[in-house]
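Good morning, colleagues. Please have the sequence and the model open as I speak. I shall begin with charged pairs and then turn to the packing.

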Amino acid sequence: MKKLLSLILALALACGLAVPAAAAGQADERLAAVTARVKTTLDLNTEDYTEFYGNLDDDLLSPTWFLEWSGEDASLSVSATEEGKILSYYRSANAAASVSRQGLPSFPANDRESARQAALAFLDKVLAQGETAALDDTRGSAVSLGATRYRFYGEIRVNGLRAGLSFSIAVSCEDNAVVSFYRDDLNGQIMGGVPSPTAAVTAAQAAQELRATLALRLEYVLPEDSTRAVLRYLPESGDAYYVDAATGALVNLSELYRQAADGEFGGDKLYAAEASADAANAGSSSGGSLSQAEQEGVDKLEGVLDRDALDAQVRALTALGLDDYTLATVSYSVGREADADGVTPVTASLRYGKQVGGSSWRRTATVDARTGELLSLSSSAWWSEDGPERTVDAAAAQKTAEDFLTSLAPDQFGRTALYNSSDALENEYAVSHSFTYAQKENGYFYTGNVFYVGVDATDGSISSYQKTFDDGVTFDSPDGVISADAAVDAWLGTYETALRYVRVPAAIDFSQPEYEPLAAMGYSYLYRLVLGYQLERDDYLTGIDAKSGEPVAPSRGNEENAITYDDLTGHWAREKIETLARYGVGYAGGSFQPGKALTQRDLIALLVSTEGYLDRSGEVEGADYLYERAYSLGILKRGERDDDALLTRAQTVKLILDAAGYGPVARLEGIFTCSYADRASIPAGELGYAALAQGLGLISGTYNGTAAATRGQAAAMLCRLMER
């Protein structure tokens with residue numbers, strides 16, 4: 001129980017300024033008081049609500065009230081502290097169950113900026129004295145078509161400084177009303193209050209102290225889409241530190257948390273988990289002759305070894321120590337692509353098991369199903385005092401591992417060196433020693449080519465094995481590499497030395513009466529806030545280029561499916577095309593080609609993109625999906641597909657209005673009129689579509705239905721319809 005309570009404290013971190021004294025008064029009096037405070041804070045008029053409930057979580061550290069109003073038209077839920085600080089807010093309308101969308105979606109009723117201002121106004125109401133909100137405008141900025149709310153995220157700062165508090169808020173697209181809000185709070189587990197935000201130590205001084213905590217290693221890294229590895233300084237993982245802003249002392253925050261945990265609980269047994277295995281592909285004959293596809297599938301298994309032959313191949317590797325293990329299952333897995341010789345690879349997973357001290361120990365060997373070559377090995381076992389004694393030390397295990405790897409891949413293993421290892425005897429519950437060997441070139445490691453091997457500490461057998469090795473990788477020269485000090489300086493330069501409030505675990509002073517009940521509950525520590533400096537960075541970086549000294553960022557791929565075009569300058573439809581693009585509607589590839597004649601596939605791709613699917617393939621398979629969606633949305637009927645057919649303006653109007661659900665009305669005859677300059681030339685069968693296009697603002701002036709449509713015209717029509 002003590003461990004559970006402490007874990008909840010450490011993980012939740014919903015900390016507060018001080019443990020409050022027990023709330024005075026009866027529950028009804030307390031509810032009345034907190035309700036009045038909440039209504040004042042939110043400026044609530046609750047006359048239209050017919051029911052109200054107040055529930056109390058009377059936690060010693062942080063009492064929280066849950067207030068619920070409900071009425072015929074809407075309901076409202078608020079959680080708040082005893083003092084009336086709003087922790088969460090949720091408002092919902094009691095509307096009839098929504099129905100699935102028919103036709104094309106529309107743009108949100110209000111723009112994001114007006115919703116942003118509404119969110120800020122709400123935050124001004126609910127934040128306490130000394131708190132301010134900083135919106136993260138890079139998160140949640142994308143808004144989908146048909147969205148009902150804008151979402152905003154950010155952090156709550158105390159005295160202008162970060163304190164590890166986040167919030168989220170949602171604003172209705174319809175009326176800019178806040179519909180939900182949630183925040184973290186300093187509520188209940190912080191002792192000693194909030195320190196002054198004034199630092200006695202400068203950021204420059206703190207940066208020099210923090211520089212000593214940064215460690216980089218020089219290794220080869222293979223850039224994306226390259227076969228030549230280059231040298232980079234990579235960050236070593238380590239503890240978290242801060243510099244006390246009052247004294248300038250460098251403090252190991254991770255060590256403080258370890259000390260707090262060690263003083264509170266000892267830790268449970270850690271058991272090794274069995275690696276997930278491939279599912280068996282079982283099937284039965286359906287009788288009769290096989291189709292061509294079925295026969296081709298059968299042929300892919302040609303030459304694979306049967307169960308007994310595979311078992312014999314694996315057991316021949318005596319280093320695996322399978323004498324006491326029983327083979328339980330064998331499963332075959334067929335690759336999806338053939339190799340350079342046209343052969344489809346097939347692997348087999350053999351699962352072995354034995355009973356040790358009432359526990360099941362398992363090993364799974366994955367091999368080439370045709371040759372029996374070992375591809376990987378994993379084990380599942382846990383050690384206890386009732387099990388076999390761990391008699392194999394790390395040195396003996398390392399020799400076993402190296403002998404085994406030499407026998408399997410002498411040339412490749414000969415190019416590696418020991419990268420890291422773990423000693424099972426230094427871990428109370430570990431069964432196996434583990435070793436990682438990485439390729440070493442020019443004196444530097446390349447972890448893209450590695451061997452992983454484990455050795456059972458009870459019997460010296462190989463318990464795990466995996467290899468990743470590409471002989472085609474070449475290595476850049478180490479000439480011109482910057483010094484380690486220069487690399488650390490460059491790495492330090494990617495951070496901001498930020499002044500903030502740091503949560504530090506601290507022993508509870510049980511001599512204080514308000515804390516005395518915590519002793520009986522198993523608490524030994526809470527937290528205090530310390531003004532300190534920490535290194536912070538918004539962007540993720542992988543390291544420092546070892547020759548240029550420049551930071552290296554990972555490839556990000558396509559940013560949130562963003563659409564941008566390079567050929568809209570000066571085009572009359574640019575605004576409409578870019579409006580669609582902001583909502584993910586349009587074409588991939590970077591160019592829109594607004595003056596290009598519109599094909600049927602072009603328009604179908606544009607319409608289907610309103611559902612969030614952006615066709616990037618340009619291939620027949622991509623078109624097949626587009627048209628399937630078009631059929632399901634009622635835009636086209638099967639048999640009407642003609643990918644490259646050039647569309648007229650009238651055909652474009654018809655497909656857009658059919659997609660929007662106006663088709664049944666547009667096809668009614670004798671009820672429409674319109675005022676186009678060329679009204680007399682519009683066929684009776686098209687008049688309904690033409691009239692709706694004018695009334696909805698898609699086209700004005702001249703209808704010109706027989707003229708060839710362009711991609712720019714189609715986008716403008718669609719945008720005008722969705723803006724309504």
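Asp185 and Arg183 are both buried, where buried means under 20% relative accessible area, exposed over 50% and partly exposed in between, with a 1.4 Å probe and protein chains only. These two residues form a salt bridge whose closest N and O atoms lie 3.1 Å apart. A salt bridge here requires a side-chain nitrogen of Lys or Arg within 4 Å of a carboxyl oxygen of Asp or Glu. Before I continue, note that the model is predicted, that local features need pLDDT of at least 70 and side-chain atom pairs pLDDT 80 or more, and that totals for chains, interfaces and linings use all residues. Residues are numbered from 1 along each chain as its sequence is written, and side-chain values use heavy atoms, leaving out hydrogens and water.

How many salt bridges does the rule give? The count comes to 32. One of them joins the side chains of Glu131 and Lys85, at 3.7 Å from N to O. This pair links distant parts of the chain, 46 residues apart: Glu131 belongs to strand E5 (residues 131–135), and Lys85 to the loop between strand E3 (74–81) and strand E4 (86–93). Helices (H or I, at least four residues) and strands (E, at least two) are DSSP runs, numbered from the N terminus. Glu131 counts as buried because its relative accessibility is 12%.

Is Asp411 buried or exposed? Asp411 is exposed, since its relative accessible area is 54%, while Arg415, at 26%, counts as partly exposed. The two form a salt bridge with closest N and O atoms 2.9 Å apart. Elsewhere, salt bridges with shared partners join Glu155, Arg157, Arg162, Arg500, Glu536 and Asp538 into one network.

I now turn to the nonpolar cores. A nonpolar core is a set of buried Ala, Val, Leu, Ile, Met, Phe, Trp, Tyr and Cys residues joined through side-chain atoms within 4.5 Å. The largest has 66 residues, and Val38, Ile169 and Phe181 have the most contacts inside it. Contact means heavy atoms within 4.5 Å. Leaving aside residues up to four places away in sequence, Val38 touches Leu67, Trp69, Val78, Ala80, Gly84 and Ile86. A second, separate core of 58 residues includes Leu607, Leu647, Ala693 and Leu718.

In helix H10 (residues 484–492), the residues Ala487, Val488, Trp491 and Leu492 are buried. They lie on the same side of H10 because they cover an arc of only 135° around the axis, taken from the directions from the helix axis to the C-beta atoms. An α-helix has 3.6 residues a turn, so residues three or four places apart point the same way. The cover over the buried residues of H10 includes helix H4 (203–211) and strand E24 (525–536).

Helix H17 (687–695) is mostly covered, with seven of its nine residues buried. Among these buried residues are Leu687, Tyr689 and Leu692. Their cover includes helix H15 (649–659) and H16. After H17 comes Gly697, with a positive phi near 85°.

Finally, the overall totals. The protein chain contains 18 helices and 26 strands, and 41% of its 724 residues count as buried. Among contacts with a separation of 6 or more, 62% are between residues 24 or more positions apart.
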